[in-house]
Amino acid sequence: MAEDAPSPQQVLVVTGMSGAGRSTAANVLEDLDWYVVDNLPPQMLRPLTDLASRAEGAIPKIAAVVDVRGRDFFAALQDIVQSMRDGSHVRILFLDASDAALVRRFEAVRRPHPLQGSGTIIDGIRIERGRLAAIRESSDIVIDTSDFNIHQLATKIRALFSDDSAPSLHLTVMSFGFKYGLPPDADLVADARFLPNPFWVPELKPLTGLDEAVSDYVLSREGATDFLDHYLEALVPVLDGYQRENKRHAVVALGCTGGKHRSVAMTEYLAARLGDLDGVAVTLNHRDLGRE
């Protein structure tokens, strides 16, 4: 049986006006598993794609941020992209914004426009707009970000370039022991110490929350599954909000005294339920298991 032909390599050139959101777009694309190169001279586009093509499919999607920071090199962008359109799926994403919006953004960060020289910000914007007129005209996608904040732009980029099968939130569900300190990277923390501690049950003490006997003991205690079910219910709108706000990674931590029995068993239960949510990829991490 003949093998399916490999998908053509995707190459996205991200360009546009300085201050229109290229960095935000690049960050979102990187989160979507694109291989992102910032401030690439256009002359390096073909060598980069040739190198990636020899990676045997390891780098199927390349996003190159190419803009006027490339100075004289930038002038060749349109001709180079046109010459590459055969054989690769090359697209140009152009980010634009009104002069007024760009001036506000440069003033907010207190940085000069890269082309203003001894002139004003608006002088630099007008020079850049003139240099970019032809490439804007030939772009595949043009986004006007004048009325966007960074979250709205991120949502737009994600909608345009995400793989529908890819999770939009990577969630780490972590057990830990309070006696070893709170996890510094936790976004949400819950406490399992309201349950009886298996540590004081002689036959359970040497076991962990990964053992069925401990798990059955913990989850059968009064309030255990009620807490977990209600906590899961409370987490759903939070995780939905994280996705709307383009927060791509989060850590939910659940602790007990030593991080060996109660938190481990409850984290296993919680992670299994969270893994059923749409758009969420779950990783388990028992931080302090084995320290006792």
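In which sense do S1 and S3 pair, and over how many bridges? S1 and S3 pair in the parallel sense, over five bridges; two strands pair if DSSP finds at least two bridges between them. Here strands (E, at least two residues) and helices (H or I, at least four) are DSSP runs, numbered from the N terminus. Bear in mind that this is a predicted model, where local features need pLDDT of at least 70, side-chain atom pairs count only at pLDDT 80 or more, and totals for chains, interfaces and linings use all residues. Residues are numbered from 1 along each chain as its sequence is written, and side-chain values use heavy atoms, leaving out hydrogens and water.

Now step back to the whole sheet. Five strands form an open sheet with parallel pairing, in the order S2-S3-S1-S4-S5. At the edges are S2 and strand S5 (141–144), each pairing on one side only.

Next, look at what lies on the sheet. Helix H1 (residues 22–31) packs there, touching S1, S2, S3 and strand S4 (89–96); contact means heavy atoms within 4.5 Å. H2 also packs on the sheet, touching S1, S2 and S3.

Let's look into helix H2 (residues 45–53), whose buried residues are Leu-45, Leu-48, Thr-49 and Ala-52. Buried means under 20% relative accessible area (1.4 Å probe, protein chains only). These residues cover an arc of only 95 degrees around the axis, which puts them on the same side of H2; the arc is that of the directions from the helix axis to the C-beta atoms. Their cover includes strand S1 (10–16), strand S2 (35–37), strand S3 (61–65) and helix H3 (77–84).

Key
Buried < 20%, exposed > 50% of the residue type's maximum accessible area, 1.4 Å probe, protein only. Axes fitted to C-alpha atoms, helices over the stretch in contact; angles between N-to-C directions.
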